[in-house]
Amino acid sequence: MNADPRHDDALTIYLNDHLAGATTGVELSRRIARAHRSSPRAADMERIADDIAEDRASLVALMRSLGIGPRRYKVCAGWAVEKIARLKPNGRLHRRAGLSSLVELETLRIGIQGKYELWQSLAAVAEERPRIDYGRIIELKDRARRQMEIVDELHAESAGVLS
């Protein structure tokens, strides 16, 4: 195991940054799922929102197993970022525009890609850090890949708003 405390500091910062992003992702995915309750893909969006919440819980559990506490200010910032993003003008005053879904799906896709990269990075250091369950990390990475595929499909369907 690496005894260099700078690596522990780097891991603490890295995981807390991803926890902030995961917090944003949970809020965003739930909002997208609510907005698409009546769409034919409602079940897909609900499943992705549930998965993203579970992924965040897995990250918190991993941090706890490594003795890394959440930085509350980062978690709060992640929550606030998603709320502030709702203020972006969408061309409509009182209701959602088709463009809102497109941009939200793009944002969600970027977040899932970041999560995929997190799991990939952790898989690379799991051998040096026995408290990181390599098998679980691979499961989470595979789930992120599947989430990206579904969001890509939803995005392609939503792109019709541009024509």
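Student: How many helices and strands does the protein have?

Tutor: The protein, which we see here as a predicted model, has five helices and zero strands, so that line of elements, read from the N terminus on, is simply α-α-α-α-α.

Student: And what is the mean pLDDT of the protein?

Tutor: The mean pLDDT is 85, and 79% of the residues reach 70 or more.

Student: Where is confidence lowest, and where is it highest?

Tutor: Confidence is lowest in helix α3, residues 72-85, with a mean of 60, whereas α2 has the highest, at 96. Where pLDDT is low, the predicted coordinates should not be read in detail.

Student: Okay, switching to α2 and α5: at roughly what angle do their axes cross?

Tutor: The axes of helix α2 (residues 42-65) and helix α5 (residues 134-158) cross at roughly 150° and come within 11 Å of each other. Angles over 145 degrees count as roughly antiparallel, and α2 and α5 are therefore roughly antiparallel to each other.

Student: Is that crossing left-handed or right-handed?

Tutor: The crossing of α2 and α5 is left-handed.

Student: Which residues make the contact?

Tutor: On the α2 side, the contact is made by D44, M45, R47, I48, D51, I52, E54, D55, S58 and L62, while α5 contributes R136, I137, L140, R143, Q147, I150, V151 and L154.

Student: How many of those are nonpolar, polar or charged?

Tutor: Sorted by class, the contact of α2 with α5 has nine nonpolar residues, two polar ones and seven charged ones.

Student: Staying with α2, I was looking at A57; is A57 buried or partly exposed?

Tutor: A57, which is found in helix α2, has a relative accessibility of 44% and so counts as partly exposed.

Student: How far apart are A57 and L19?

Tutor: Along the sequence A57 and L19 are 38 residues apart, and in space their C-alpha atoms are 9.4 Å apart.

Student: What about D8, where is that?

Tutor: D8 sits in helix α1, residues 5-35, and because its relative accessibility is 33%, D8 counts as partly exposed too. Its C-alpha atom is separated by 9.5 Å from that of L66, although D8 and L66 are 58 residues apart along the chain.

Student: Last one, about the whole protein: what share of the residues counts as buried?

Tutor: Of the 163 residues, 42% count as buried. As for contacts with a separation of 6 or more, residues 24 or more positions apart account for 82% of them.

Key
Residues are numbered from 1 along each chain as its sequence is written. This is a predicted model: local features need pLDDT of at least 70, side-chain atom pairs count only at pLDDT 80 or more; totals for chains, interfaces and linings use all residues. Side-chain values use heavy atoms; hydrogens and water are left out. Axes are lines fitted to C-alpha atoms, for helices over the stretch in contact, and angles run from 0 to 180 degrees between N-to-C directions. Helices (H or I, at least four residues) and strands (E, at least two) are DSSP runs, numbered from the N terminus. Angles under 35 degrees count as roughly parallel, over 145 as roughly antiparallel, 65 to 115 as roughly perpendicular and the rest as oblique. A crossing is left-handed if the near helix is turned anticlockwise from the far one by less than a right angle, and right-handed if clockwise. Contact means heavy atoms within 4.5 Å. Ala, Val, Leu, Ile, Met, Phe, Trp, Tyr, Cys and Pro count as nonpolar, Asp, Glu, Lys and Arg as charged, and the others, Gly among them, as polar. pLDDT is the predictor's confidence in each residue, from 0 to 100. Buried means under 20% relative accessible area, exposed over 50%, partly exposed in between (1.4 Å probe, protein chains only).
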